[in-house]
Structures are given as C-alpha cells and as structure tokens.
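Me: Please take a close look at one part of this model, the place where the two chains meet. I would like one connected account.

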Amino acid sequence: MGLYATTTRRRIAAVFVLLGLVALPWGMRLIGQEFYVSFASRVLIMALAATSLNLVIGFGGMVSFGHAAFFGAGAYCVAVLAESGVTSAWLAWPAATGVAAALAVFVGAISLRTRGVYFIMITLAFAQMVFYLVVSLKTWGGDDGLPLLQRSAFGSLNLKDDSTFYFVVLAILAFVLFMLDRIAHSRFGRVIQSIRENEVRMEALGYPVFSFKLVCFSLGGALAGLAGALMANQAGLASPNLLHWMQSGILMVMIVIGGVGSVFGGVVGAVLLLVCEEAFVEITPHWQIGLGLLLLAVVLWAPLGIAGLFGWGRNRE
Amino acid sequence: MSEKLDLLLDVRGVSKHFGGVYALNNASLSVVRGEVHALIGPNGAGKTTLIHVLSGALPCNGGRVVFDGNDLERRSMHERVTLGLARSYQITNIFTRLTVLDNVAMAVQSRVRDWGSSFSFWKPFSLDSAIIGEAHALLAQVSLSGMANRLAGQLSHGEQRSLEVALALATKPKLLLLDEPMAGMGPEESERMVGLIEHLAQQVTILLVEHDMDAVFRLADRISVLVGGTVIASGSPEAIRGDAEVRRAYLGDEVA
Amino acid sequence: MTQLILEQALNGLQFGLMLFLLAAGLTLVFGIMDMINLAHGSLYMVGAYLAAEVTQASGSFITGVGVAMLGTGVLAVVLEVVLLRRLYARNHLAQVLATFALILIANECVRIVWGAQTLMLNAPDALSGPVRIGGFLYPSYRLLIIGVGALIAGLLYVLVARTRIGMWVRAGASNREMTEALGINVRLLFTAVFAFGAALCALAGAMLGPLLAVQVGMGESILILAFVVIVIGGIGSIRGALVGSLLVGLVDTLGRAMLPAMLRALFSPEVASSLGPALASVLIYVLMAAILFWRPEGLFPARA
Ligand SMILES: Nc1ncnc2c1ncn2[C@@H]1O[C@H](COP(=O)(O)OP(=O)(O)O)[C@@H](O)[C@H]1O
Ligand SMILES: [Mg+2]
C-alpha cells in the first residue's frame, strides 16, 4: 500500500469538484429540484462520517466495527443539549465532537489491547452497549429517537435555510479533507501508516505504538461525532439508527467502495452509495440486492475501491 | 579479566520457558562498552529468545537485565529503544511496501526524542530535510544509496538484510543486537556484511548472534556460548577456542 | 423467588444451548479458515424460514427441521464453493464486507420469497403443554430444546475430541500448514465443516422459530450474540464456545429477569424502571469487554 501521497493533479481535481459542489444549490434551483439540496447535505455528512472512519481503518489499520457509536453520540449530544436550551452551534457542535472523542478514548484504550478479530468484535460490542443504553432510555426517546426541534444557531447564518446549511456542511467537509490530507503527509500520518504496515517493527524502532493508535482512533471518533452533530441537524432527529451496527457496516462499505486509505475514499464511496440508493429505490424496492452484488464485486475484483481503479489511491510505482 | 570494566549490559540469571520447554535457563552474560560480543550456540539454544527478552518482545520468567544502569524489568519495547537498545531480526522484518528511503527515514524519525515531533499533524514530512538527509547518509553507509526509491520488498535478500541493520542503526543505539545478520547470505554478501559490522564496531557496542564461525572469530572481542538455554562459557576467542567444555558441547569438530 | 430463579436459569440454559449451535459452526469456521462470516446469521434465518414453510406444507415439525437442515447445508456448500473460498486468504476487512453484502442479499431474497410479514412456526402439538418439574410447571417444548441442545453439544464434543475428523479439525484450527502437510484434503474439510456449521444453524433457527418470531433480520441480532460467545470463549475452541454460550445465555436471561427487581431495592422505582432494562441489555457486552480486558484472547485460546 505504501504511504499516501497527493499529486498536484489530484489537488487540482479536488478544487474543481469543490467548485462544482459550491454551485450545486444554484444549479438545483435552476432546474427546480431544490429538494435535492437537502439530500446533498445528507450525502456530504455521510461523506464526513465515512472519511472519519477511513482515518481509523484506512490510515491507522484498525478495523473498527463500532464507529456508529461515535457518530450517534455526536447526534444525541446536540439533541440533548438543545433540549436543555443550548442551541448555539458554537457550543453544541464542539461539545458533540468532544463527547465523541472522549467516548473514543475510553473505547480505544480498552479495545486497542486486543488484536485482529478480537478488536473488530470488541469495538462492535462497545457500539452495541451504547446502542442498547440509549434505546432503553425513555428520556431520550427510546426507539423513536430524540427530535431536534430546530437547527442549531450559527451566528448570523440561518441554518434553517437548506442552502445555507448545505454550504456550512460543505465548508466543514472541505476543511476536514484538507486537514486529513495534511495529516496524511505529516510525521504523525507517516507514523500511523507505517504502524498499519508493520506494527512490531515500529515498536522495535522505539515508537509508542499504542499511543499513536489511540490518538488516531480518537481523532476518527471526534470527527464522527462532528458528523453526527450535523446529521441531527439535517434530519431534525437524533435517531437510534445512527447508532445501529448496520450503520457501522454501511460506513465501512462506503470506504471500501471509495478506497480504503485514500483521502477522498470516504467521499467517493458515500456519494456513490447514496446516489445509487436514491436512484435505484425509485426503480425497485429490492435495491439492496444490487448493493450487495456491487459490494461483492468491489471486494472480489477491486480491493482498493473506486479510488484504486483510477489510481487515485496510494503511491504508484 | 578485570571486574572494573564498564558494563553496558548485564544479564543475570534470566529464564524463559514456553509451557514446559526452557528456552533460557538461568542465562547470564555481560557486555562491556565498546566491544563486539558474539553469542554462539547450536540451533535451538535460545539465542533468539534472549534477543527477544532483551528487546522486550517477550517477558522473561525470572532474572534481571540491567542496561546502562537501568533495570529493564517492566520497560516496554519502545522505552528500551529510547534507552539506546536496538535490534535487528533473524527473520527480516522491514516495511516491505514502503520505499527503502521511507524505511530508514521512519527509523531516523523515531529518534527525535521530543515526542511532540512525531505527533506533529500539520507540517508536511517532505520538508523535514534533516531527517531525509540523515536517512540518505545511513543508506550510503550500508551501500544501499542506489536503491533509495525502490520498494523494500523488491530488494534482494542480501540487500534486505542490510536494510534490516540500517533500521536498527538509525535509532543511534548504544548497544546493537544483531540476530544472525548473515542468515541466508551468499559468501560475497556475507563478506560485505562482515565489513559493515567491522566498521560499525568503531561507533557502537554490538551483541552479535552468528553461526558463521569464521566471521565470529574475526569480529568478536569476546564470545559467550549458549547451550540449552544456559551460558556455559564466556571469554576471549582464544579462551573459547581452547575451552574443553565448549568443544565438547558445541564447537566439536567445527574448529578442531 | 427461588422458583423464579430456577425457571429463568432453565430459560438461560435453553437459550445458551441454542446459541451454542450457532457459535459452534462460527468458531470452527473462524478458527480453521481464519474467516469472519457475518452471513452465519443469514443461514440461521434461512433455516427458520425453510422449517416454517415445510412444517406448514407437510404438517410435520420433524420433517420441517430435517428439510431445513439439509437445505441450509446444501446452500452453504454452494456459498462456500462459489464465494467464501475466495475470501480465506483475504484480510478481515474484505471478509466482513463480503459477508455483509451476503446479509443484504439474503434479507432481500427472503423478503421477495416470503414477504415482509412475520411467519408462524408452531411447536408440535404434543409438546404444547407444560410439564411439572419439582415444584413448578415448565413448557415441555423448552425442555425439548434443552434436550436437543445438550445432545448436540455432547455429540460435538465426542466428534471433536475423540474422532479422526475431530482431530483434523482441531489440528486445522491450531496449525493449518501442519494439517496440509499431513496430506489432508483441507479444501474438502473446509467445505464439510462449513456445511455442518450451517446445518447446526438451521437446527437452531428451526428450534427457536416457535419461541421467537420468524422474520427478516432475525439473523443479525443473534449473530452478534454468537460472536460475543466465541470471542469470550476463545476463537476456534469448541469448549470455549460451549462455556461462552452458557455464560451469555444465563447472564442475559437472568439479568433481564432479576436486574430490574434488584435495582428497585436500591433506587427509586422511577430510576429503576428506566435503568433496569438498559443495564440488562448491555450486561453481556460488559461481560465481553471485561473478559477481553483481562484475557485479550478469550477464556480458552485455541492457539496458545
Ligand atoms: N514462541 C515459542 N513457543 C514455543 N517454543 C519456542 C518459542 N520460541 C522459541 N521456542 C523454543 O525455544 C528454544 C530456543 O529457540 P530460539 O531462541 O529460537 O533458538 P536459537 O535462536 O538459538 O536457534 C527452541 O527449543 C524453540 O523451539
Ligand atoms: Mg535464532
């Protein structure tokens, strides 16, 4: 796999895609499909969540099957704060990020003692714990979830307007991607990728491997929490579905389709998956068979995902 | 031999068993600062196990290890490297999917003692010219300069063994633990490795596990003989050559 | 009170033994092929649906169970030969994803064939009444499940511990290369173990069908429990799977029954009624995290 390297061409492409995304709300208004602006926000938020998981799995090599816990924690944090009157995004969103990060530190500190399959399963177990705890709490809405009566207040911007909300989400995603790209090329990013390649050797070179992994895991958790905060705002609800293990699975599917260990893998996967879903659900209610077959095809024939197919992923020879 | 010598490593009565099998049984040996100390012994004697115990890869079941004045008990693998104890592996253990330069750069970077540096998230590594420069210098030292941008997995066996040593060396250790650096090498490559170790011996203390007796007698200042998990003799090459017990237990016809 | 505990303990035993039927196949596949199979729960679901369908058509529960085991076993052979085989050499992420895809496909296929409604599977009439054990009445069907579960557990133990096939399986779980060196046809062994595990899954699905709802998604919740079991027990170990199953079955059942009452003694009714179910439902996950904290390779590591 080697160490991640962004080429100039890739950066230029990213800028063009970004410009296209900025123009999207106007485009939709032009063709009278404004409904899709809200949908696009949802796609970008899922892209952010998938990107955060890609940091953990793709760069850190830690196959976590419990990422939904952090995603959901962020959403519930915003909804619970709103219930108690804290509606400012400047407070609620960092709080959601912080709560998810703290949860990730706790889960990571215990889970990272185990290896391989055991790690996959213990992260799943923690996510299940969070899921059942939240669902059984009547005060947080149980199975129905906790509604968020209105979107967070964001300075002078009116997030109730779908386009404005979309731009805020886009800005956050763009910043996180930029940050991830920096991290991938930084000393920390190189260390974490080398740990993915050969953990024992890194320890024998004097790196405190556990600490590096924990920091990476927690950073991923924190970003998932931020995505969760945005998701609660987008949907107007902190839903238990966000915590469900299927959600963890779907996020994994996204990064595998998009490209594990590629900065843009999460985005590519999320866009592809959700747009396909949107398109196919119209045609057949059984679109999940199609998704399953697509996923099988990717795993069997394109293990580096779409990014790998086009050579966007890692260093090439 | 004088007892006033400056001991860098003192292994006292270390034992290690796997289930019922004793790989190390009350093994003791000491390495003096500045020397090349060879550890020899038949296959399965426990040499690699001792290297694992010294580097912290395996916990021992008894005994003490003092390195440079520090008791190593309960010190993790990476802490020991920070104290100046580095190792190479008998079975090549490198980053096969990284370039040769990245391999060594990663090792050089580990030495930056101030951890803030490796926890640096923002500055692109490609601007770390000091690290990259040092990595190139190390590659030159092990004659791998021409290979810097190849993937490590594509190197020949002998080149990988050199890279293995370079990784250990890059941490600037006080004591270098080399586990059969010449394993699987042809005569020419071995000769080059002996030259490299001779050269390194001027900068760093070395504990060398090796099967090739010619190399051992050429390189070693002192030799310890491990048989069945116990050190049965330690001394100068001449003394070891003449030791009746060693001849019986191990050297036998080989050096007769 | 003791009667309640006793009854719940029997329920726990019954649930634990059924979990064991799933966990046994899962842990062997896991241990021998080093393969995470999330679709194991789907085989359980398919087994339950087949049993319900055939029982209704033929009017015989036993026929239903038999056909379910056979049909699921055949399906498993096809799956193994066509797909899973290609995944053994892949990493865990690829295995998780591919078998996750199988779950999606299986659920949707079941929905197409049987619709989205819950299916009814009735226990045989002869076993619909309760029996008296000691001082209390206990459903006879549940007793049958305990009997069948215990029988299978015993058979499996003899099979794995005492027979030549079992020796290969154990050898395969602890050292694959060695098994191959012994000249055993590992491919065939893998297929056979997989099909056998699937048949046990189907048995569990058919037996639990009358107690739980036969519906799409039934496989996933029990799959996660089965994973908890084998991780607690130590992957690849049949003994670990048995101990883990009983532990999980008992802790979960007793926890749900007793915890709310115990909490009421400690907290206000209001707190207890919201905390009780919450704690009860996470108890086994706490158990698993605690066990992995102390023993990161489970209670009976197969590759010690
Ligand atoms: N992980 C292990 N588990 C069980 N036995 C081991 C293990 N590692 C080494 N041994 C045993 O310990 C003894 C010493 O092995 P080793 O240290 O590799 O010998 P050497 O390096 O001197 O050839 C051998 O008998 C070997 O079989
Ligand atoms: Mg050895």
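Reply: Three salt bridges cross the interface of chain A and chain B, a salt bridge being a side-chain nitrogen of Lys or Arg within 4 Å of a carboxyl oxygen of Asp or Glu. One of them pairs B:E164 with A:R201, with 2.7 Å between the closest N and O atoms. The model is predicted: local features need pLDDT of at least 70, side-chain atom pairs count only at pLDDT 80 or more, and totals for chains, interfaces and linings use all residues. Residues are numbered from 1 along each chain as its sequence is written, chains are lettered from A and ligands numbered from 1 in the order in which they are written, and side-chain values use heavy atoms, with hydrogens and water left out.

Polar contacts come next. Between chain A and chain B, 10 residue pairs are in polar contact, both residues at pLDDT 80 or more. A polar contact is a pair of N or O atoms within 3.5 Å; within protein, one must be able to donate a hydrogen and the other to accept it, and residues adjacent in sequence count only if both atoms are side-chain atoms.

On the chain A side, helix 6 (162–185), helix 7 (187–197), helix 8 (199–204) and helix 9 each supply at least two residues. Helices here are DSSP runs (H or I, at least four residues), numbered from the N terminus. Helix 7 of chain A gives the largest share of that side, six residues. By type, the side of chain A that touches chain B has 16 nonpolar, seven polar and seven charged residues. Ala, Val, Leu, Ile, Met, Phe, Trp, Tyr, Cys and Pro count as nonpolar, Asp, Glu, Lys and Arg as charged, and the others, Gly among them, as polar.

Now the extent. The contact takes 30 residues from chain A and 38 from chain B, where contact means heavy atoms within 4.5 Å. Together the two chains bury about 3100 Å², 61% of it on carbon and sulfur atoms. Buried area is the accessible area (1.4 Å probe) that two parts lose on being put together, summed over both. A:R187, A:R201 and A:L205 supply 26% of the area that chain A buries against chain B, more than any other three residues.
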